[in-house]
Amino acid sequence: MKLTFLETSDMHGYVYPTDYSGKQNLAFGAAKVAAKLKELRAQAAGPVIAIENGDFIQGSPLSYYLAKEKSSAKELTKLINLMDYDVQVIGNHEFNYGIDYLKEAIESYHAPVLAANILNEAGQPYFGQAYTIIEKAGIKIAILGLTTEYIPHWEKPETLAGLTFANIVETAKKYVPLLNQQADLVIVSYHGGFEKDLTTGEATEALTGENEGYKLLQEVEGIDALFTGHQHRTIAAKINGIPVVQPGYRGNHIGEIQLTIEKNGDRVMIVDSHAALHTVENVAADPQILSAIEPLELELEHWLDQTLGEVEGDMRITDPMQARLEEHPYVEFINRVQLSASGAEISGTALFNNEGKGFGKTITMRDVITNYIYPNTLAVIKVNGAELRAALEQSANYLAVENDQIVFNPAYIQPKPQYYNYDMYEGFQYTIDMNQPAGQRITELSFQGHPITAEQEFELVTNQYRAIGGGNYEMFGADKIVREIQIDMTELIAEYLKKHPIIKAEVDHNFNVIL
């Protein structure tokens with residue numbers, strides 16, 4: 001008998017096949033995923049189990065609109081219910097709009113939501129279920145849900161009050177043997193990825209615990225298939241003979257693992273396994289999903305087109321790499337919004353990806369949201385000159401030199417692009433000299449015309465993720481926060497534009513990156 005598992009992960013609130021910047025019928029979105037799932041179910045030779053692996057209620061203009069204007073994710077969660085998943089797992093971005101928002105979303109789901117390593121104060125699964133057991137054609141299949149334990153490094157402490165994020169490997173060591181006693185097959189769905197090369201076992205990132213899929217399969221016996229996510233990679237492979245998949249980003253792929261089963265009395269054996277990915281390119285969007293969300297999409301489009309301000313000059317981003325090396329008017333604008341909102345002396349921000357286009361002559365809400373893609377709030381931290389220099393050195397690590405050109409460090413593009421971890425600052429002067437060795441690249445560091453000393457203190461405003469040390473900025477931390485601005489950055493940008501409806505595309509060239 002063949003048993004088929006289908007997985008989606010990291011759809012991030014995308015339903016229509018659009019990026020909301022004008023491009024239509026792109027190869028992603030839940031509407032196309034729904035159509036492809038129906039096709040794959042119809043083609044399957046035996047029972048099918050569908051897994052949604054997390055990060056669904058945050059990440060798109062649609063999900064932002066629901067959170068900020070409707071205060072409810074139910075319009076999104078009803079789509080998941082229509083897509084008929086058997087189980088769901090909680091992703092890290094599910095926490096971005098607060099615990100109450102997440103709880104309401106979970107309560108609206110029809111399928112069980114699994115999170116074995118997110119614990120309450122009594123040490124029990126906070127969200128109710130660690131695993132579920134599904135019976136198909138007489139075969140008992142246990143599915144264990146795990147979520148990256150690194151979430152406390154990204155979220156505000158008050159959001160996670162009363163929650164503990166246990167190590168996923170230790171959690172699996174606890175549950176997998178028990179599940180093997182109760183079920184014929186044990187499947188793990190993990191909202192996390194792989195920290196090591198799947199072939200060589202060499203580390204591909206800092207071993208922080210954010211991704212531990214490789215370690216999981218090295219140390220925990222009895223797992224029959226592993227579904228992953230979080231890194232937005234496309235993976236269909238085997239590790240130690242165990243099939244693994246990761247289905248990309250925004251619903252551009254569906255992961256499939258097929259197990260061929262033989263039953264001999266009470267004993268079930270896997271005699272063959274296969275891992276594959278299915279693109280949704282050239283798939284027609286499911287009309288049921290489109291119809292269900294159409295009224296909301298029309299509302300959203302109207303909201304996105306509202307004019308917020310105008311630009312004197314050119315604030316478009318035509319070369320994102322160049323905008324990281326030479327101060328760009330859009331980057332300076334974001335830093336100035338942060339300075340205005342916080343009253344801090346200095347500010348840091350990033351270009352989160354290479355898709356943002358900056359601002360044209362007219363700025364709409366669409367422009368704001370498609371450029372500033374994360375629901376960040378701001379925090380002001382107290383740092384000294386030594387810590388500021390260390391942060392700049394960390395940021396410089398995201399650059400490299402290839403063929404006498406400065407490029408984004410390939411080590412931070414594969415396996416997952418980390419453009420969001422390269423910061424650019426405003427309020428002081430600095431130079432990154434790429435001729436120097438790592439750790440010694442900050443050759444100029446001054447404030448108001450005077451060199452910054454190691455003991456000199458500043459108030460630095462940055463996003464909450466960075467303020468608490470996210471992105472391996474260990475010189476920062478929650479203990480350094482002196483105040484927070486509990487307003488979403490997108491709203492702060494909109495409010496700034498109301499007060500300054502005409503902005504100038506200008507820079508003060510306070511930093512240089514040289515070779």
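In this predicted model, helix α9 (residues 329-342) packs against helix α13 (residues 489-499) at an angle of about 90 degrees, and their axes are 10 Å apart. Angles of 65 to 115 degrees count as roughly perpendicular, and α9 and α13 are therefore roughly perpendicular to each other. On the α9 side, the contact is made by Phe 333, Ile 334, Arg 336, Val 337, Gln 338, Ser 340 and Ala 341. Helix α13 contributes Met 489, Leu 492, Ile 493, Tyr 496 and Leu 497. Sorted by class, the residues of this contact are nine nonpolar, two polar and one charged.

The buried residues of α13 are Met 489, Thr 490, Leu 492, Ile 493, Ala 494, Tyr 496 and Leu 497.

Strand β1 (residues 2-8) is mostly covered, with six of its seven residues buried. Its pairings with strands β13 and β2 are listed below.

| Partner of β1 | Sense | Bridges |
|---|---|---|
| β13 (residues 253-264) | antiparallel | six bridges |
| β2 (residues 48-52) | parallel | five bridges |

Glu 7 has Gly 255 as its bridge partner in β13. In β2, Ile 49 stands opposite Phe 5.

Note on methods: Residues are numbered from 1 along each chain as its sequence is written. This is a predicted model: local features need pLDDT of at least 70, side-chain atom pairs count only at pLDDT 80 or more; totals for chains, interfaces and linings use all residues. Side-chain values use heavy atoms; hydrogens and water are left out. Axes are lines fitted to C-alpha atoms, for helices over the stretch in contact, and angles run from 0 to 180 degrees between N-to-C directions. Helices (H or I, at least four residues) and strands (E, at least two) are DSSP runs, numbered from the N terminus. Angles under 35 degrees count as roughly parallel, over 145 as roughly antiparallel, 65 to 115 as roughly perpendicular and the rest as oblique. Contact means heavy atoms within 4.5 Å. Ala, Val, Leu, Ile, Met, Phe, Trp, Tyr, Cys and Pro count as nonpolar, Asp, Glu, Lys and Arg as charged, and the others, Gly among them, as polar. Buried means under 20% relative accessible area, exposed over 50%, partly exposed in between (1.4 Å probe, protein chains only). Two strands pair if DSSP finds at least two bridges between them.
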